[in-house]
Amino acid sequence: MKIVLDGVTLPLPEFVLDVSLQLEARYTALYGASGAGKTSLIEVIAGLRRPAAGRVAIGDQVVFDGARAVDVPPRHRRIGYVPQDDTLFPHLSVRQNILYGAADGKVERRRPGGRGVRGAPHTTADRVVAALEIERLLGRRTHSLSGGERKRVSMARALLSDPMLLLLDEPLSGVDTALSSRILDYLMCVREEFPIPILLVTHRMEEASALCDEVVLLDRGHVVSRQPLGK
């Protein structure tokens, strides 16, 4: 799936984000030091930040065009976004959290032999739960989860929102080395199990190399290089 960023500008406190970029690799890393503008760029793609100018297209849909006053709301962009700081709902269980997006806010419990949210079979939900190994967490409240568990639940919720693009913002941040390795294994599983294009924000080249086909280097809001990653 093609992602087109054409003359996208966004004033930030330290510099102006100014990006023109066309992405066609299935798994792409936005790489660079902290404060390079990586998170701001994926928030533009997700619709969480409105650029000052430019055009953003995802596949065959233009989701932002400053010249034509097009600005598709985030909920209609079909993007699964996992931010650095998860946004899980503390008053809901893990099960309710991961089904929230899929059910458009109407949580339904699984019935043996029944059908799930939107009348669809539970195959996708079961695959997501199994891939991320969160079945034992489904009945728990989110305040009782560890940092690694919260990241896995956030990924599950994003996957169950029926996305055509998955945005991952520093998924290994804030965890120790041993847990980073384990979460990386889960990300590899997501990559292999679900054929959804991924745009990964990271400042770790080993993470980009393990997960992605291409790396784009950002520095102070500008693309300074891009290169394929051998697999």
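Author: The questions and answers below concern cavities, salt bridges and an aromatic pair in this predicted model.

Reader: How many cavities of 30 Å³ or more are there, and what is the volume of the largest cavity?

Author: A cavity here is a set of points where a 1.4 Å probe fits but cannot get out. By this rule the count comes to two cavities of 30 Å³ or more. The largest cavity has a volume of about 50 Å³.

Reader: Which classes of residue make up the lining of the largest cavity?

Author: The residues that line the largest cavity include Met1, Ile3, Leu23, Arg26, Thr28 and Pro197. Arg counts as charged and Met, Ile, Leu and Pro count as nonpolar. Sorted by class, the lining of the largest cavity has one charged, one polar and eight nonpolar residues.

Reader: What is the volume of the second largest cavity, and which residues line the second largest cavity?

Author: The second largest cavity has a volume of about 40 Å³. By class, its lining has five nonpolar, no polar and one charged residues. The lining consists of Tyr27, Leu168, Leu187, Arg191, Ile198 and Leu211.

Reader: Are Arg78 and Asp162 buried, partly exposed or exposed?

Author: Buried means under 20% relative accessible area and exposed means over 50%, with partly exposed in between. Arg78 has a relative accessibility of 40% and therefore counts as partly exposed. Asp162, at 42%, likewise counts as partly exposed.

Reader: Which parts of the chain does the pair of Glu133 and Arg182 link?

Author: The side chains of Glu133 and Arg182 meet in a salt bridge at 3.0 Å, N to O. The two residues are 49 residues apart, and the pair links distant parts of the chain: the loop between helix H3 (123-132) and H4, which holds Glu133, and helix H5 (residues 177-193), which holds Arg182.

Reader: In the salt bridge of Arg140 and Glu149, which residue is buried?

Author: The side chains of Arg140 and Glu149 meet at 3.6 Å, N to O. Arg140 has a relative accessibility of 26%, so Arg140 counts as partly exposed. With a relative accessible area of 9%, the buried residue is Glu149.

Reader: How many aromatic pairs does the structure hold, and what is the angle between the planes of Phe89 and Tyr100?

Author: A pair of aromatic rings is described by the distance of the centres and the angle of the planes. The structure holds one aromatic pair. Phe89 and Tyr100 form this tilted pair, with 4.8 Å centre to centre and, between the planes, an angle of 55°.

Reader: Where do Phe89 and Tyr100 lie, and how many residues apart in sequence are the parts they tie together?

Author: Phe89 is partly exposed at 26% relative accessibility, and Tyr100 is partly exposed at 35%. Phe89 lies in the loop between S7 and helix H2 (94-100) and Tyr100 in helix H2, so the pair ties together parts whose separation in sequence is eleven residues.

Conventions
Residues are numbered from 1 along each chain as its sequence is written. This is a predicted model: local features need pLDDT of at least 70, side-chain atom pairs count only at pLDDT 80 or more; totals for chains, interfaces and linings use all residues. Side-chain values use heavy atoms; hydrogens and water are left out. On a 1 Å grid over the protein atoms alone, a cavity is a set of points where a 1.4 Å probe fits but cannot get out, and a pocket is an open set with protein on both sides within 12 Å along at least five of seven lines; lining residues have an atom within 4 Å of a point. Grid points are joined across faces, edges and corners, and a volume is the space filled by probe spheres set on the points. Buried means under 20% relative accessible area, exposed over 50%, partly exposed in between (1.4 Å probe, protein chains only). A salt bridge is a side-chain nitrogen of Lys or Arg within 4 Å of a carboxyl oxygen of Asp or Glu. Helices (H or I, at least four residues) and strands (E, at least two) are DSSP runs, numbered from the N terminus. Rings of Phe, Tyr and Trp (its six-membered ring) pair if their centres lie within 6.5 Å; planes under 30 degrees apart count as stacked, over 60 as edge-to-face and the rest as tilted.
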